[in-house]
Amino acid sequence: MKELYFSDIWAIISTCLLVVLLVYVGMVLIRRKEIVRWNKHVYSLIGIGLVLCCFVVMRDRYVESMQGGEGVFLLDSIQILSAYVLAMCIGGIALVSFVIRKKKYQKIMFYILTCVILCKVLIIEISRVIC
């Protein structure tokens, strides 16, 4: 199990970013009554999630599998397909969040983004542990 999360530089960075993401979401949820500007938290969540996804792609050797090599998941696996769908949801929410700047909407989008990003993370990480 240790080698799944600390075997190389990509695994170490993605593990650290995952911890940062979880701590950040936890801190925002704890302070949710004090938050006035939700848009900065939405943008921060999108940024952390995007950077995490980039390092997970490198960790799981997705680029190699696209070039005919061996990655952790096959290109047509349920993990990759669900990651694509959830990434499109995140992208759509991000685009709309840049346009609609109402506090109530931004707060709802933060919660939806949190759920979508955590769902994406759980699918990939559980699949890695099982495989």
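**Helices, salt bridges and a surface patch**

Let me begin with Ser14, whose place is in helix α2; helices here are DSSP runs of H or I with at least four residues, strands are runs of E with at least two, and both are numbered from the N terminus. The model is a predicted one, in which local features need pLDDT of at least 70, side-chain atom pairs count only at pLDDT 80 or more, and totals for chains, interfaces and linings use all residues. Residues are numbered from 1 along each chain as its sequence is written, and side-chain values use heavy atoms, with hydrogens and water left out.

Is Ser14 buried or exposed? Ser14 counts as buried because its relative accessibility is 1%. The term buried means under 20% relative accessible area, exposed means over 50%, and partly exposed lies in between, with a 1.4 Å probe and protein chains only. Not counting residues up to four places away in sequence, Ser14 touches Leu52, Phe55, Val56 and Arg59, where contact means heavy atoms within 4.5 Å.

The buried residues of α3 include Trp38, His41, Val42, Leu45 and Leu52. What covers the buried residues of α3 includes α1 (2-6), α2, α5 and α6.

Asn39 also lies in α3, and Asn39 counts as buried because its relative accessibility is 13%. Which residues does Asn39 touch, leaving out those up to four places away in sequence? They are Arg101 and Gln106. Just after α3, Arg61 takes a positive phi of about 55°.

Helix α5 comes next. In α5, the buried residues are Gln79, Ile80, Ser82, Ala83, Leu86, Ile90, Ile93, Ala94 and Ser97. They cover an arc of only 155° around the axis, which puts them on the same side of α5; the arc is that of the directions from the helix axis to the C-beta atoms. The face turned away from this buried side carries the exposed residues Met88, Leu95 and Val99. Cover for the buried residues of α5 includes α3, α4 and α6.

Ile93 counts as buried, at 12% relative accessibility. Leaving aside neighbours within four places in sequence, Ile93 is in contact with Met109, Ile112 and Leu113. The C-alpha atoms of Ile93 and Ile78 are separated by 22 Å, with the two residues 15 apart along the chain.

Now to the charged pairs. How many salt bridges does the structure hold? There are 6, a salt bridge being a side-chain nitrogen of Lys or Arg within 4 Å of a carboxyl oxygen of Asp or Glu.

One of them joins Arg59 and Asp60, at 3.0 Å from N to O. Arg59 is buried, with a relative accessible area of 7%, and Asp60 is buried as well, at 6%. Asp60 also meets Arg128 in a salt bridge, at 3.2 Å from N to O. Arg128 lies in helix α6 (residues 103-130) and Asp60 in the loop between α3 and α4 (62-66), so the pair ties together parts that are 68 residues apart in sequence. Arg128 is buried too, with a relative accessible area of 8%. Salt bridges that share partners join Arg59, Asp60, Glu125 and Arg128 into one network.

Another salt bridge links Arg31 to Glu34, with the closest N and O atoms 3.7 Å apart. Here Arg31 is partly exposed, with a relative accessible area of 36%, and Glu34 counts as exposed, at 59% relative accessibility.

Finally, the surface. Ile9, Trp10, Val57, Met58 and Val63 form a nonpolar patch there, with about 390 Å² of accessible area together. The elements that give two or more residues to this nonpolar patch are α2 (9-30) and α3 (38-59). Patches are made of residues with over 30% relative accessible area and no salt bridge; like charges are joined within 9 Å, and nonpolar side chains (Val, Leu, Ile, Met, Phe, Trp, Tyr) within 5 Å. Accessible areas come from the Shrake-Rupley method with a 1.4 Å probe, and for residues only the protein chains shown count as cover. Trp10, whose place is in helix α2, counts as partly exposed, at 31% relative accessibility.
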